[in-house]
Each structure stands twice: as C-alpha cells, then as structure tokens.
Amino acid sequence: MSNNEVPKVFYRGKNEEFMVVIQSPEDYRRYKKDTSIPLIDVVDSFKVFVTQAGKRGIIDEASRAMLEKEFGTKNSDQAIQKILKDGEFQEQKYTYKTEYDSTNDSMGARVAH
C-alpha cells in the first residue's frame, strides 16, 4: 500500500455515517475472522469519525453524544468494535501537492501592465 492510500471502515448508522481509519486491509481481514486480536493491532487511531455528505464528504470526529445515540455507549473502543464488525471496508487514494507543483502559472499580478 502506498503512502497516499488510506484504508477505512465505514458504518451507516441510523442518522450518521461513521468511519474508523485502520492500519491495513490485511489486519482488518484478520480481525474480522478473529475478534480477539487487540484493536491496537487493527486501527490507526482510537478515534471514531462521522462523515458529512457521504464517504467523500467532510470528516469530523464523532462526539460522545453521537456515540451514545448510535451505539448505546460513550466508549469509543466499543463503538470501534461495532464499526469493524458491521462496517464496510473502503480504500481511498488521495493526491497531495508536492513542492514542485505550480500554484500560479500565469504569474498573475507579476505581468507588466
């Protein structure tokens, strides 16, 4: 997996869509078969995110109230376990600017008038 791929598991709740970032697809597949594997070996962070406007929308950290409303607990570990168990794996590729990307090809205000 290259540096610009972010493996995630999405869970569609009653009112929100939740997301957990995982370390690798292989670790996630192993966890699906054996849930005794510690979460620290599967997730990238112990944060649950909520997406606005679908899987490619704005991502915010889910509040404890959101976790309580959806999962019946404020404990993020328990919410993560539910998301990993019942969620859907997705890998997205992101493109990042490099130090050589041009930001102003026309040189805008530098052109003589």
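User: Is Thr73 buried or exposed?

Analyst: Burial is judged by relative accessible area, with buried meaning under 20%, exposed over 50% and partly exposed in between, using a 1.4 Å probe and protein chains only. Thr73 counts as buried because its relative accessible area is 11%. Please note that this is a predicted model, in which local features need pLDDT of at least 70 and side-chain atom pairs count only at pLDDT 80 or more, while totals for chains, interfaces and linings use all residues. Residues are numbered from 1 along each chain as its sequence is written, and side-chain values use heavy atoms, with hydrogens and water left out.

User: Where does Thr73 lie, and which residues is Thr73 in contact with, leaving aside its neighbours within four places in sequence?

Analyst: Helices (H or I, at least four residues) and strands (E, at least two) are DSSP runs, numbered from the N terminus. Thr73 sits in the loop between helix H2 (64-71) and helix H3 (76-86). Contact means heavy atoms within 4.5 Å, and, leaving aside neighbours within four places in sequence, Thr73 has contacts with Leu67, Glu68, Gln78 and Ala79.

User: Which residues of S2 are buried on each side?

Analyst: In a regular strand the side chains alternate between the two faces of the sheet. In strand S2 (17-21), Glu17, Met19 and Val21 are buried on one side, and Phe18 and Val20 are buried on the other.

User: How do S1 and S2 pair?

Analyst: Two strands pair if DSSP finds at least two bridges between them. S1 and S2 are antiparallel, with five bridges, and they form a hairpin with four residues between them.
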